[in-house]
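Me: Could you walk me through this one while I have it open on my screen?

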Amino acid sequence: MRSIIGTFRTLLAAACLSLAAIGILASPAAAQAVGRNGYTMDEVINTGQQFFGSTSGGLAQLVERAFQSYGLPNGYILGQEASGAFFGGLRFGEGTLFTKNAGQRKIFWQGPSLGFDVGGDGARTMMLVYNLPSVDSVFGRFGGISGSAYLVGGVGMTVLARDNVLLVPVKTGVGARLGLNLGYLKLTPMPTWNPF
């Protein structure tokens, strides 16, 4: 009887050690897979600091908040935009979509807004892209609410959604803007003046 219990304990210990070894070996592989498919916070912050330059003071805090809320993005867009509003507003921009598994692609965006919003600005924009199944899934309308309050310049972040895909634009603007609005961004592969 003791020999059966001893054999059972040995087999159980061997099984536990095997499972632990598999877990230890699988963890780095899983981390590498996430690193291959998504961008780490350090990668995004370093890219943002290079892109935004000296105006990137609040960038790290905004990116950290986005990572805490939504995890690792599997793409990001770097670009520029101009917008203006007098209760109703328009926004136009262009940039490049970066992904780890599908390369780079030129992208354009435009959209209307409606709300208590007055002013105009020009901005450098980084949009974090979450849950992007394919590059073509980024094209279309993404709705959300945004707010701005700055004179001369400022940093801001909003969240726009369509289906399961999220866009989190982080931008540094120069201009004067005050307000809260409801609107959408329409992302397209070619430029257009039609914001609708």
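**Strands, a helix and some rings**

Reply: Strand 1 and strand 2 run antiparallel and are joined by 24 bridges, where two strands pair if DSSP finds at least two bridges between them. Helices (H or I, at least four residues) and strands (E, at least two) are DSSP runs, numbered from the N terminus.

Me: Before we go on, what kind of model is this?

Reply: This is a predicted model, in which local features need pLDDT of at least 70 and side-chain atom pairs count only at pLDDT 80 or more, while totals for chains, interfaces and linings use all residues. Residues are numbered from 1 along each chain as its sequence is written, and side-chain values use heavy atoms, with hydrogens and water left out.

Me: OK, back to the strands. What joins strand 1 to strand 2?

Reply: A hairpin does, through 3 residues. Further along the pairing, Gly-84 stands opposite Gly-120 in strand 2, and Tyr-76 has Leu-128 of strand 2 as its bridge partner.

Me: And how many bridges join strand 2 to strand 5?

Reply: There are 21 bridges between strand 2 and strand 5, and these two also run antiparallel; Val-118, for instance, has Leu-178 in strand 5 as its bridge partner.

Me: Switching to helix 2, which of its residues are buried?

Reply: Val-44, Ile-45, Thr-47, Gly-48, Phe-51 and Phe-52 are the buried residues of helix 2, with buried meaning under 20% relative accessible area, exposed over 50%, and partly exposed in between (1.4 Å probe, protein chains only). Seen down the axis of helix 2, these buried residues fall within an arc of 165°, so they line one face of the helix; the arc is that of the directions from the helix axis to the C-beta atoms.

Me: What covers those buried residues, and what sits on the face turned away?

Reply: The cover of the buried residues of helix 2 includes helix 3, strand 1, strand 2 and strand 5, where contact means heavy atoms within 4.5 Å. The face turned away from the buried side carries the exposed residues Asp-42 and Gln-50.

Me: Now the rings, please. How many aromatic pairs does the structure hold?

Reply: The structure holds 6 aromatic pairs, counting rings of Phe, Tyr and Trp (its six-membered ring) whose centres lie within 6.5 Å, with planes under 30 degrees apart taken as stacked, over 60 as edge-to-face and the rest as tilted. One of them is Tyr-70 with Tyr-130, whose centres are 5.7 Å apart and whose planes are at 50°, so the pair is tilted. This pair links distant parts of the chain, since Tyr-70 belongs to helix 3 (residues 59–70) and Tyr-130 to strand 2 (residues 103–130), 60 residues apart.

Me: Are those two tyrosines buried or exposed?

Reply: Tyr-70 is partly exposed, at a relative accessible area of 34%, whereas Tyr-130 counts as buried at 2%.

Me: Which charged side chains lie over a ring face?

Reply: Lys-100 lies over the face of Tyr-39, 5.1 Å from the ring centre, and Arg-124 lies over the face of Phe-51, at 4.2 Å. The criterion asks for NZ of Lys or CZ of Arg within 6 Å of the ring centre and within 35 degrees of the ring normal. Tyr-39 also forms one aromatic cluster with Tyr-76 and Phe-98.
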